[in-house]
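Open the model in your viewer and show it as a cartoon. The stops below tell you what to select next.

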Amino acid sequence: MKIEWKDELSVGNTQIDEQHKTLISITNKFHNAMLNEEGNEAVLDVLKFLDLYVKIHFRTEEKFMEQTDYPYLEEHKQQHKDMIDFVENMKKSFVINRDNYENVLKLNIKLMKWYVDHISNSDKKLGNYLQDKSIKVVVVDDKVGD
Ligand SMILES: [Fe+2]
């Protein structure tokens, strides 16, 4: 399984769209690394990068929300938190049982579906809101702590 970027996934904000494309590409790369049995170290490297990038991306969206007093900030942040926890658990599950890709592949498919659902609903709602505001870009430092 693979998720593909489609124009329908655009939220109308270039910075967010570009990050979503990157996120989808890393998730696919992680999936392929497991399917192609590229080795535990390669798989873990991609997973760590996914974990980091998810956090950077969510920080970016949250900064947009904070700077525009977005009315659904709390519920949107909660969805991000749930996904961060999910990726953290996926990482733990991989570290504990490195040779059992089957379970992690299932989790990753769940994450892919979750993204598409989140982008199509919550992020589009945010994107529409941002289009009414004059904000197009935010700056987020990439030092993400836990
Ligand atoms: Fe989001």
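**Before you start**

This is a predicted model: local features need pLDDT of at least 70, side-chain atom pairs count only at pLDDT 80 or more, and totals for chains, interfaces and linings use all residues. Numbering starts from 1 along each chain as its sequence is written.

**Stop 1: residues 13-127**

Select residues 13-127. UniProt, in an unreviewed entry, places "domain: Hemerythrin-like" here. UniProt positions follow the numbering used here, feature names are shortened, and annotations may be inferred rather than shown by experiment. Over this stretch the chain is 88% helix and 0% strand. Its end C-alpha atoms are 6 Å apart. Helices (H or I, at least four residues) and strands (E, at least two) are DSSP runs, numbered from the N terminus.

**Stop 2: H1 and H2**

Select H1 (residues 14-35) and H2 (residues 40-67). They pack at about 160 degrees, with axes 9 Å apart. Axes are lines fitted to C-alpha atoms, for helices over the stretch in contact; angles run from 0 to 180 degrees between N-to-C directions. H1 and H2 are therefore roughly antiparallel to each other. Angles under 35 degrees count as roughly parallel, over 145 as roughly antiparallel, 65 to 115 as roughly perpendicular and the rest as oblique.

Now show side chains. Residues of H1 that meet H2 include Leu-23, Ile-26 and Phe-30. On the H2 side, Val-46, Leu-50 and Tyr-53 are among them. Contact means that C-beta atoms, placed from the backbone, lie within 7 Å. By class, this contact has 14 nonpolar, 6 polar and 2 charged residues. Ala, Val, Leu, Ile, Met, Phe, Trp, Tyr, Cys and Pro count as nonpolar, Asp, Glu, Lys and Arg as charged, and the others, Gly among them, as polar.

**Stop 3: H2 and H3**

H2 contributes residues including Asp-51, Lys-55 and Glu-62. H3 brings His-76, Lys-77 and Glu-88, among others. The class count for H2 with H3 is 11 nonpolar, 2 polar and 7 charged residues.

**Stop 4**

**Stop 5: Phe-30**

Zoom to Phe-30, in H1. Is Phe-30 buried or exposed? Phe-30 counts as buried, with 27 C-beta neighbours inside 10 Å. The cut-offs: buried if 20 or more other C-beta atoms lie within 10 Å, exposed if 12 or fewer, partly exposed in between, with C-beta atoms placed from the backbone. Leaving out residues up to four places away in sequence, Phe-30 touches Val-46, Leu-47, Leu-50 and Asn-108.

**Stop 6: two loop residues**

Select Glu-37, in the loop between H1 and H2. Its phi is positive, about 50 degrees, although Glu-37 is not a glycine. Glu-37 is exposed, with 11 other C-beta atoms within 10 Å.

Finish at Asp-69, in the loop between H2 and H3. Asp-69 has a positive phi of about 50 degrees, although it is not a glycine. Asp-69 is exposed, with 9 other C-beta atoms within 10 Å.

Definitions and conventions. Contact = placed C-beta atoms within 7 Å.
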